[in-house]
Amino acid sequence: MDISYVPAKTIVTKTKDSRWFGIDYNMNIYRGCCHGCIYCDSRSECYQIRDFDRVQAKKDALLIIRNDLRRKVKTGVVGTGAMSDPYNPFEKELELTRHAMELVDAFGFGMAVATKSDLMLRDMDILESIKEHSPVLCKVTVTTADDALAKKIEPGVSLPSRRLDMIARLGGRGIFAGILLMPVLPFLEDDKEHILAVVRSAHEAGARFIYGALGMTLRGNQREWYFDRLEELFPGEGLRERYLKTYGGRYECASPRAGELWKVFTEACGKYGILYEMKDIVHAYKRSYETTQLSLFDL
């Protein structure tokens, strides 16, 4: 399948709230996604992305990103991966994410990447270069440590075992990397054994953090897509009915076991020394840079 291009006036935009992983600017180079994850919230109708499974790139993206960064009065952390994975299959040849990060590096900004693809390993050299002057955060989504289950619910992405290996390799180069444990799908992934398997795997990979949300969201367009996939992948298990009975038409669908599982999760993270609170994660990956900036200010 060929990639198509869509016009854009700006790409690097100020975040409304930098408390989300300390990200100051958002940068989405692509629209849509071909990973095929059955639970993806970005499929929701409120985002108005037609033909969501077809990846589109923003026309003249690198020129626009260069101009956006040049105009910023203040540097900060640029986040990518919020709406569309920056490491889709087209990125291997196009290298738009790679070259965009080179611009982030050149203009002295930090970088926060969210992905499910081990293609990010290709760009470790740039992440290391950015790390020399600014904070770097790699958020790798791992919703299950079970490769077989992942093949069903996340058919187009790197297996969890490969993503965990990527975290180990990033950490080995001194890059702050960890896990987004979200969503946790009710009736499929919300049990003690599942949560503990993810935490143990994270520990073995040297993950610095796990940020978890014990449930999922469901809204227009995405909801029916998700239910149809459940019936296709898990026939005869009555999952659609269980969701409707438990949540009706609600947007936020927390696991019925959320309280119990959160206790299990936090105790396991504590045992292994893995961060799980947002404020602690942000403080940890920015700490040395804030100290350096304060020292320079004192001079």
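1. Is Cys138 buried or exposed? Cys138 counts as buried, with a relative accessibility of 0%. Keep in mind that this is a predicted model.

2. On to bonding for that residue. The closest cysteine sulfur to that of Cys138 belongs to Cys33 and sits 18 Å away, so the gap is too far for a bond.

3. Since a disulfide needs two cysteine sulfur atoms within 2.5 Å, the count for the model comes to zero. Cys37 is also buried, at 6% relative accessible area.

4. Searching the whole structure turns up one cavity of 30 Å³ or more, and the volume of the largest cavity is about 30 Å³.

5. Who lines the largest cavity? Met27, Asn28, Ile29 and Tyr30 are among the lining residues, as are Thr80, Ser84, Asp85, Pro86 and Thr97. Sorted by class, that lining has four nonpolar residues, four polar ones and one charged one.

6. Last, helix 1, which covers residues 61-71. Its buried residues are Ala61, Ile64, Ile65, Asn67, Asp68 and Leu69. What do the buried residues of helix 1 pack against? Their partners are strand 2 (12-14), strand 3 (25-27), strand 5 (56-58) and strand 6 (77-80), plus helix 3 (96-106).

Methods: Residues are numbered from 1 along each chain as its sequence is written. This is a predicted model: local features need pLDDT of at least 70, side-chain atom pairs count only at pLDDT 80 or more; totals for chains, interfaces and linings use all residues. Side-chain values use heavy atoms; hydrogens and water are left out. Buried means under 20% relative accessible area, exposed over 50%, partly exposed in between (1.4 Å probe, protein chains only). On a 1 Å grid over the protein atoms alone, a cavity is a set of points where a 1.4 Å probe fits but cannot get out, and a pocket is an open set with protein on both sides within 12 Å along at least five of seven lines; lining residues have an atom within 4 Å of a point. Grid points are joined across faces, edges and corners, and a volume is the space filled by probe spheres set on the points. Ala, Val, Leu, Ile, Met, Phe, Trp, Tyr, Cys and Pro count as nonpolar, Asp, Glu, Lys and Arg as charged, and the others, Gly among them, as polar. Helices (H or I, at least four residues) and strands (E, at least two) are DSSP runs, numbered from the N terminus. Contact means heavy atoms within 4.5 Å.
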